[in-house]
Amino acid sequence: MQKPYSRTVTDLGNGCAGVSIPKGLLEQFDVDQGDEVAIDHDSDEGTFIVRLD
């Protein structure tokens, strides 16, 4: 089983925060700079899912 990735939330300013994505994952899923990702969340479940549509 693969170890989960851990990232620190960074303050990007102007009320925005960011989290980096490991380069290996970007390459594995063929994600390039400028690509859009969808973020699903379920407050009741406490889940946060990034999808590549």
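Modeller: Go ahead. The structure holds 1 salt bridge, meaning a side-chain nitrogen of Lys or Arg within 4 Å of a carboxyl oxygen of Asp or Glu. This is a predicted model, in which local features need pLDDT of at least 70 and side-chain atom pairs count only at pLDDT 80 or more, while totals for chains, interfaces and linings use all residues. Residues are numbered from 1 along each chain as its sequence is written, and side-chain values use heavy atoms, with hydrogens and water left out.

Colleague: Which residue forms a salt bridge with Asp40?

Modeller: Arg51 does, and the closest N and O atoms are 2.5 Å apart. The pair links distant parts of the chain: Arg51 is in strand 4 (residues 47-51) and Asp40 in strand 3 (residues 38-42), 11 residues apart. Helices (H or I, at least four residues) and strands (E, at least two) are DSSP runs, numbered from the N terminus.

Colleague: How does Arg51 count by relative accessibility?

Modeller: Partly exposed, because its relative accessibility is 34%. Asp40 also counts as partly exposed, at 33%. Buried means under 20% relative accessible area, exposed over 50%, and partly exposed in between (1.4 Å probe, protein chains only).

Colleague: Backbone now. What is phi of Asn14?

Modeller: Near 55°, a positive value in a residue other than glycine. Asn14 is in the loop between strand 1 (10-13) and strand 2 (16-18), and at 82% relative accessibility it counts as exposed.

Colleague: And where is Asp30?

Modeller: In the loop between helix 1 (23-28) and strand 3. Asp30 has a positive phi of about 55° although it is not a glycine, and it counts as exposed at 60% relative accessibility.

Colleague: Pockets next. What volume does the largest pocket have?

Modeller: About 310 Å³. A pocket is an open set of points on a 1 Å grid over the protein atoms alone, where a 1.4 Å probe fits, with protein on both sides within 12 Å along at least five of seven lines; lining residues have an atom within 4 Å of a point. The volume is the space filled by probe spheres set on the points, which are joined across faces, edges and corners.

Colleague: Which residues line the largest pocket?

Modeller: Among them are Ala17, Gly18, Val37, Phe48 and Val50. Strand 4 gives the most to the lining, with 3 residues.

Colleague: Where is Val50, and how does it count by accessibility?

Modeller: Val50 is in strand 4 and counts as partly exposed, at 47% relative accessibility.
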